[in-house]
Amino acid sequence: MQPGTHFAFGTHDRHGFVASFTSSMPAHLAHWYLEREQFEPVPGEPGLYRLSEPERDGPRRTRQAVHDLRRHGYMVQADMRLDPAVSAGPPGPVLPNGLQERRRRLAQAAAGRTTQRTTPPTTSAAAARPIPPKPAYAPTVHLTASGGERSR
């Protein structure tokens, strides 16, 4: 194992997908992280954890745990098929959807000078339309009670 490694992941004949931590990792912190990644302590074997419900997509969940711990800054050693850096398939083809091009154009527009006027345009009094006066009354709507029947 490489020096500075915090966690190790692999497979076990009896326990399936397993994880352990090294002495460079505090036991209570390792326990907390491994339980959050759905690993449970193996009774009778201190420091060894097994994946709960390994039949439920065990390899993917173990790779995800390795990925998560690395993302948190921990050094993780994993078997080849459980290492997401090695076992992940090639990325699928990227279909252009125009989002990148749109973002680029928006960024360019935001960085450039505005084409809008800084002062409001002046208009002549003859060209402006007059604003109609507010009515002095409120319109009244008459509703008739129909007694529960619909009108035709």
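Tutor: Let us begin with Glu 53, which sits in the loop between strand 4 and helix 2. Please keep in mind that this is a predicted model.

Student: What is the phi of Glu 53 like?

Tutor: Glu 53 is not a glycine, yet its phi is positive, about 50 degrees. Most residues other than glycine have a negative phi.

Student: Is Glu 53 buried, partly exposed or exposed?

Tutor: Glu 53 counts as partly exposed, with 43% relative accessibility.

Student: And which residue with a positive phi follows helix 1?

Tutor: That is Gln 38, with a phi near 70 degrees. Gln 38 is not a glycine either, and it belongs to the loop between helix 1 and strand 3. Its relative accessible area is 36%, so Gln 38 is partly exposed.

Student: Where is Glu 37 found?

Tutor: Glu 37 is in the loop between helix 1 and strand 3.

Student: Buried or exposed, and which side chain of opposite charge is nearest to Glu 37?

Tutor: Glu 37 is buried and has no salt bridge. The nearest side chain of opposite charge is that of Arg 71, 6.6 Å away. A salt bridge would need a side-chain nitrogen of Lys or Arg within 4 Å of a carboxyl oxygen of Asp or Glu.

Student: Then what is Glu 37 in contact with, apart from its neighbours within four places in sequence?

Tutor: Its contacts beyond those neighbours are Leu 51, Gln 64, Ala 65 and Asp 68.

Student: Which strands run parallel?

Tutor: Strand 1 (residues 7–12) and strand 5 run parallel and are joined by 3 bridges. Within that pair, Ala 8 is opposite Gln 77 of strand 5.

Student: How do strand 1 and strand 2 run, parallel or antiparallel?

Tutor: They run antiparallel, with 6 bridges between them. The two strands form a hairpin that has 3 residues between them. In this pairing, Thr 11 has Phe 17 of strand 2 as its bridge partner.

Student: What is the bridge partner of Pro 41 in strand 4?

Tutor: Tyr 49 is the bridge partner of Pro 41. Strand 3 (residues 39–41) pairs with strand 4 in the antiparallel sense, again over 3 bridges.

Student: Which residue takes a positive phi in the hairpin of strand 3 and strand 4?

Tutor: Gly 44 does, with a phi near 85 degrees; 6 residues lie between the strands of that hairpin.

Student: Now the helices. Which residues of helix 1 are buried?

Tutor: In helix 1 (residues 27–36), the buried residues are Ala 30, Tyr 33 and Leu 34. Viewed down the axis of helix 1, they fall within an arc of 95 degrees, so they line one face of the helix.

Student: What do they pack against?

Tutor: The buried residues of helix 1 pack against strand 1, strand 2, strand 3, strand 4 and helix 2.

Student: Finally, how many helices and strands does the chain have?

Tutor: The chain has 4 helices and 5 strands. From the N terminus on, the order is β-β-α-β-β-α-β-α-α.

Student: How much of the chain is buried?

Tutor: Of its 152 residues, 22% are buried. As for contacts with a separation of 6 or more, 44% of them are between residues 24 or more positions apart.

Technical notes:
Residues are numbered from 1 along each chain as its sequence is written. This is a predicted model: local features need pLDDT of at least 70, side-chain atom pairs count only at pLDDT 80 or more; totals for chains, interfaces and linings use all residues. Side-chain values use heavy atoms; hydrogens and water are left out. Two strands pair if DSSP finds at least two bridges between them. Buried means under 20% relative accessible area, exposed over 50%, partly exposed in between (1.4 Å probe, protein chains only). The arc is that of the directions from the helix axis to the C-beta atoms. Contact means heavy atoms within 4.5 Å. Lys and Arg count as positive and Asp and Glu as negative; His and the chain ends are not counted.
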